[in-house]
Each structure stands twice: as C-alpha cells, then as structure tokens.
Amino acid sequence: MSHVRSVSSIVGDGFLTAQEREKASLRADRSEEPSTSPRDDFDLLYQLDLGDKLAIVQRLKPHFDQGLRKHLSSKASSLQASVPVRNSVMHGRPLTVAEHATAFALASDLVRSNGFWPILHKALSAYNSDPEAITRKSITFLEDPSDGLIFHNLPLPDYDDTGFVPRPQLEQELKKKILSRHPVVTVLGDGGNGKTALTLQALYSLINSGEHDFDAVVWVSAKSSKLTVGEIQRIEHAITTSMGLFEEVVGVFENTTADAISRVRQLLENNKILLAIDNLETVLDDTIRDFVSDIPGQSKVVLTSRIPVGGDLTVNVTPLSDNEGEIYLRALIKSYSIKALAGLKPEELRYYANRLERRPLLLKWFCMGVLSGLPASKIVSNPEIALRFCLENVFDSLTDDASNALSLMAILPRAVSMGVLHHVSAVDIRRLEAGVAELLKFSILETENQSGYELNYRIKPFARAYIARILRLTAEAQEAVIRKFRNLSFAYQAERAAEGREKYNQRNFIVRSISEAIATQRLRTATKLAYGDDFQSAKEIIDALKISNYDYFEVLRAEAFICYRQHDFSGASEAYQSAIELSPDTPQLYFFYGGFLLRAYGDCPGAIAQLTKALELDPESIDVKRELARAKMYHFDFEGASKILSSEMLQPLSNMRTQLIFADLQTQNFHRMILHKNTVGIDADLEEPCARFADFLGKVDARIIDTKMLEHLRKARAAIIPILQIRGVSSGAGLLLCLDRLIGQLEETSSTTTPDDGLSQNALLGTLKEKGRKPTFGFLVDASMREYFIAKDTVQSGIWESLQQGRAVTFDAELDAMGRPRATNVRLLQG
C-alpha cells in the first residue's frame, strides 16, 4: 500500500478499474463500520484481495523506482503463487503443509529485501518471537463466507500449527461415512494424531463442495487443555461436563440453555443438522452414550475422541507415515526458521520424528521447544509433558481389568501371548481377556504375529514411556511376575527337548512357543482327568485354554479326546476338524482323527482318508503305517494292509518292537483274509492266501513273538482248521504245519523259561540311543521312538558294554517317583 501511495502524485486517485472499484465498494458497504464519507481508490484498495492488488501493482510498476521495479519482477511468480494461500486463510479454510510452507518461505524471502517490506518484517519478527500471539488476534473476512453456503460455526483454522497434512484417503473415508446411513461417526485416535484437523478439513470440504443436504453444521469443542513448550495449559471456561456440552450446542441457536438435552434433541429432530463434537473423551459419560445411541430425525453426529464410544462407525487416525512425518518436520523447521535443525540429514529427521511417533502435534511441540532454546536431544529423551497431554484422559477412563492388565504388561520385556499373561499373573482368564480387549480398543496395545500361528500383545512404545511413570506394582508383586516369566524358558526348552519322542502318543503335544509350552502342562492335566472320568474339571481347563491359547490346535485335539471319553462323538468330531483347520499340515491331527473315526463310528473309509493324509505328511511314521494297515484290514482291503505291513517288515531287524507289532497285524490280516474269502463263496481262491500266510510264518523270527501274538496265532489256527476240512486247499496242510510248529515252539519256550531268565509277557525290545549317552547312563529307545532311562549300575555285567556296541535288549518299563519311564529287567536278546 505504501508503495502505491508513493506514486499517487503520478497516477492520481483514479487508478482502479470500474470492476475493481465496484467489488471494493460492495465489500466496504458490508463491513461492520461503513463510512459516510466518500471513499477514494486508496481507501478502496484495502478491500481488495491479494490477486487484485498484485494486478494493480503490475499496472503501476512503470511508475516505481528502478530498485522496486527490479525487486517486484524477481518476486512476481512467488507472489502469484501465494494467492491461493491468502484465499484459504481469508475464507477460513485449513492450510495444507505445502501452502503453509509456501507462505512462510515467501515471507522469509521478502523480508531479506531490506526496506521494501517493513510491515511484513515487523509482523514476522513478532511471530517468530511469540508464535502463539496470533491466536489472540481476530480476523475479519473480506468476503462473507456464508454467501451461498449453509450455516456453520466451524472454528477458524489454527494457522500457527504449520498447516494441515493432507490425508486424502482418510478425508474421503470420513466424508463417505458422514454421508452414509449411520447416524454416528467417530474419528478415533491417540492424542496429537490430527483428529481435529482431519475432521475440520473434511467438514470444510463438504460445506464448500455442497455435496450434502444438511441444514447446518454445528461445532462444539470439549477441549480442556493445550500443549505448550513448558506445560499443559488448562483452557479457561472450557466445557467440562456433558451438560455443559449440550448447553453450548443450544447456545448456538438460542439465548436460553434451560433443559439443554431436550432442546438439542428437538433441534436435531426438526432440522437436518450435522453436529460435530471435538475431544469427546473429556466429557464422555452415560448421558453422552445415551444421546449418541439414539440420534433423532435425519441429523447426524461426528465425534473426535481418544476413546471409543461403541456402536458407531469409526475412522482411525494413526500417526503420520515415515515419509509424511519427515516432510512435516522439515516444513516446520523451514517455516519457523529453526537454524539448529536446518542442517539435519534425512536419517536424523526420521530419528526425531520416530521418537515422537510422527504425531503432528508433538512434532510441532518439538520444534517450538528447540526454537525456545532447548536441546533437541533433551526434548525427545524425556517428553513427559507431551506424554501426559496425549494419554492422561485415556488412562483415566480405563476399567480395573484394563489397568491391571496394563500394569502386568508394563513389567514384561517383550510382546507376550494371552497364555503367558495368564501364567505369570493370578488373574482370572476372562477378566484378563476383557482387560486386553479394552486396551486394544483404546489403541494402547499393538499386536504382532511373526510366527503366523500365535498372536502376541505389547504396549505401544509411546504409551509404555507414560505407563512407567504412572502405573506401579509393588516390588514384591513385580518380583513374583518376573520370577514366573524367567522360568518360562526352562519349560519351553524341556518341551522342545522331548519333541519327537512318542509324537503319536495322546499325552504328548507339539510345542512351538513358550505360550504353548505352558498350555501343554495344563493339557496333560486335562487328559489325565479325562482318563479318570473327571470330565467337568477337564472341560474347565480346556475352556480357559480356548481363551488364552485360542489359536493353539492342540487345545482342540485335547478337547476332542475328552469328548470321545465322554461318548460325545459329535463334539469330538467338530473339535478334530477345527484343530485341522488351524494346522492343516500337522500329521498327528489326521492320525488321531482317523483313529477316532475308526473306533467311535467304525467309519473305515473316513479313517483311511485321514490316515492316508497323515502318511503323506509323515511318510516314515511307523505309528501311522500301523493304524492305516489296521483300518484297511477292517475295511476288507487285505491286500492294501498286507502291502504296508510287508514293506515295513523288510526294514532292518534292529527294529524289534516294530517287527512284533507288524507281524502280529499281518497274522490278523491273513486270518481275516482267509475267513472273508471263505465267506464270499465256494469259488473263492484260498490257495494263494494260505500259501502266503505259510510263507510269512516261515520267515517270522520266533524271538520277537509275545503272548498276545501267540494268542492270535492260536485263534487263526482254530478258525482255519474247519475251513480246510471242508474246502480242498492244497496249501492248507503247509499252513497248518507252520502254525503248529511255531505255536509248539513258543509254548515249549514259555514252559521252560522262568521269570528270572525269560521274557515277561509285556517285555519291550530296544537299543541304546546314541544322542545323550553318558558313561554311566543313557536312554533305551523302542521301535515307536519311546525313550526309557537306563543306568549302568542297574544292569548285569557285560550288558552295558553290549548296549554300547549296538546290541538289542529286552526290558520291562516302569515309572520312577517323578513319573518318568525307566527300564528294568534288562536282558540281551539272544541269537
């Protein structure tokens, strides 16, 4: 303006165009203090916007002195680029980071041109010395913002925050949900994430675009404090109760605040109003919850809150991304001309941004602190004020269950599962689950699932720093928790060390994590209770584990076994199927499910399908082959069973126990095969099965046969004799000869063997395991990979040396005082 006046003697007072003069006169007439005296062009110049003024300056530029002309020419493009920024400010729209940076970069550049911009230089100096002073000034719109628009009382954007970071996807999501059928939308997020800025941006965008049919947009804020460099300042006359909030809404339209809640409901019912409530968490109570649960008419409510209300649509506002955080922090540094941070490298910027979790408010707070003279490293090392500002309202709202869970997790050094939390605490699993669910809802916890099969929880780093200052357990309570936590690794290692031994034993479980190691201890207890028919207690353990370890398939397998013991076959089948869904590549699940189908329902085809799948996943498993052969035999697939059994019996003779099991099954298979062929008709060929049975018996090592197999041989002989007496089978005589010879040999051995020098009826066969072998003790392992402790001083002279040389032995098994299996009555296998 001063530059234009400096050439007034040359250009006169008629330098405005007719259009510019009319526009300026209309604005002057609408101003609060209309003038009664005639206005000249210099007076009207104040009513024009920046774009108009730049055009006028361009017209008058030939009349300026050479230095000013040169300066204006060099800054023409920068000045023109600032026009949209000016328009956003004067029309009450939030600035983006780019717009804010453009404005401050231009201002900083212009004031370096000494003498041309004295008023700007003074204003910028005042701003840099006290940035918050601008919030105490009032701004009058040059243009009526309500022209052509609906009524609204949205606040003027806070331009000292270096602008709004554009988040188009979130803004679009919020507008879409506001315009949806749902009456309540909550913009949810931690303090300082930019909830208010996003909501204002979306509401201004809706109003300016006209993409809505609201009669009015009403804004009310329950913000009770603001963050400054040195403290959290409480806002005077802030709304502190839900009733105060409703009175504020009524006050927008009426002078009375009587019966505020009813008046608000009436206003919303009679008009289509979009009511925006900012910082709801400061006044959230049952009155508010009742209100938002039943919004009258076609009106809608949009909330910003750190705490979920429940039953509403939500838009989750998270911190800025790495890239956004770096851009925003750099814009702050440039806008505030912070020399101490201007030379930071990208990795240093990212470090400071990440230390403050890339929250817009905290990044600004950080820059203001550095601008005030505080060291950057000191600010981020102990951001106690910022932590309290962002989190205190949230923690004040936590239930006892959530607070207890949070105190517990604050002690632990890393992310843990629900099972671990339950183990180290004395808290009921259901209350613990409720507490963790609440902490997740409030975004205090985050989850990780690196293993792909177990969900772990941890306190967000930003929240942990605050929790350490406000939540304290007694030293004794902390020590008790830590002691239990330390012992977890020992339990896990013990379970892992036992992995592979008897993996198809109902009492053994697959363990992949510490949490599952804890669960297996309780699963064994539940299984033991089921064996004792205490199903109620067993079920209680399973129900608790389905909460703490809901993603652990072994819990469902154990549940299936308990259901089977209770004769709840439908429940067992459902549990097995659910377990397989959780872990479809685990052969044990198909093995046990197949065995269940065979024993519970006699469903041979179903059992064969499950056991075949188990064998595909574990093709070397003796246990799976045995059960598959058994299922095929029961399904009259004698050839299929014989093929499996014959193949396994060709394996090395050292696998003595397996030889016995498979020889016994083969005996039963031939026995059933001959009976079946005899039953199906007179033309059935018995020659081949009788010959094959005889050939098999001729190759069986009599030393491996126990009393159970001997009984099966006797039953086979008794059943086959009547058939051979009726049917002329030439190979039948040879079969009977083999049976008589083998049975006679075994009966003779049994009658001449005393308990002191022979095998017991339940004797096992095994060899000394190489791994873990010590000079004075080791483990015998049988064909099913079961292990039995053996000490050198418990066996006769020479047996220990023979075991070390790989010799096989027979032995009995018993449990020691700790319930661990050990070998007794150990004897060398002769021959």
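Let me start with Phe789, which in this predicted model has a relative accessible area of 32% and is therefore partly exposed.

How are the rings of Phe779 and Phe789 arranged? Their centres lie 5.9 Å apart and their planes meet at 75°, and because an angle over 60 degrees counts as edge-to-face, that is the class this pair receives. Phe779 sits in strand E12, which covers residues 777–781, while Phe789 sits in strand E13, residues 787–791, so that the pair links distant parts of the chain, 10 residues apart.

Now let me step back to the whole model, where the count comes to 23 aromatic pairs. Among them are Phe151 and Phe253, whose ring centres are 6.0 Å apart and whose planes stand at 50°, so this pair is tilted. Because Phe151 lies in strand E1, residues 151–152, and Phe253 lies in helix H13, residues 242–253, the pair ties together parts that are 102 residues apart in sequence.

Two further features deserve a mention before I stop. Which residues form one aromatic cluster? They are Tyr564, Phe569, Tyr576, Tyr593, Phe596 and Tyr601. Finally, if you look at Phe214, you will find Lys272 lying over the face of that ring, at 5.7 Å from the ring centre.

Definitions and conventions. Residues are numbered from 1 along each chain as its sequence is written. This is a predicted model: local features need pLDDT of at least 70, side-chain atom pairs count only at pLDDT 80 or more; totals for chains, interfaces and linings use all residues. Side-chain values use heavy atoms; hydrogens and water are left out. Rings of Phe, Tyr and Trp (its six-membered ring) pair if their centres lie within 6.5 Å; planes under 30 degrees apart count as stacked, over 60 as edge-to-face and the rest as tilted. Helices (H or I, at least four residues) and strands (E, at least two) are DSSP runs, numbered from the N terminus. Buried means under 20% relative accessible area, exposed over 50%, partly exposed in between (1.4 Å probe, protein chains only). A charge sits over a ring if NZ of Lys or CZ of Arg is within 6 Å of the ring centre and within 35 degrees of the ring normal.
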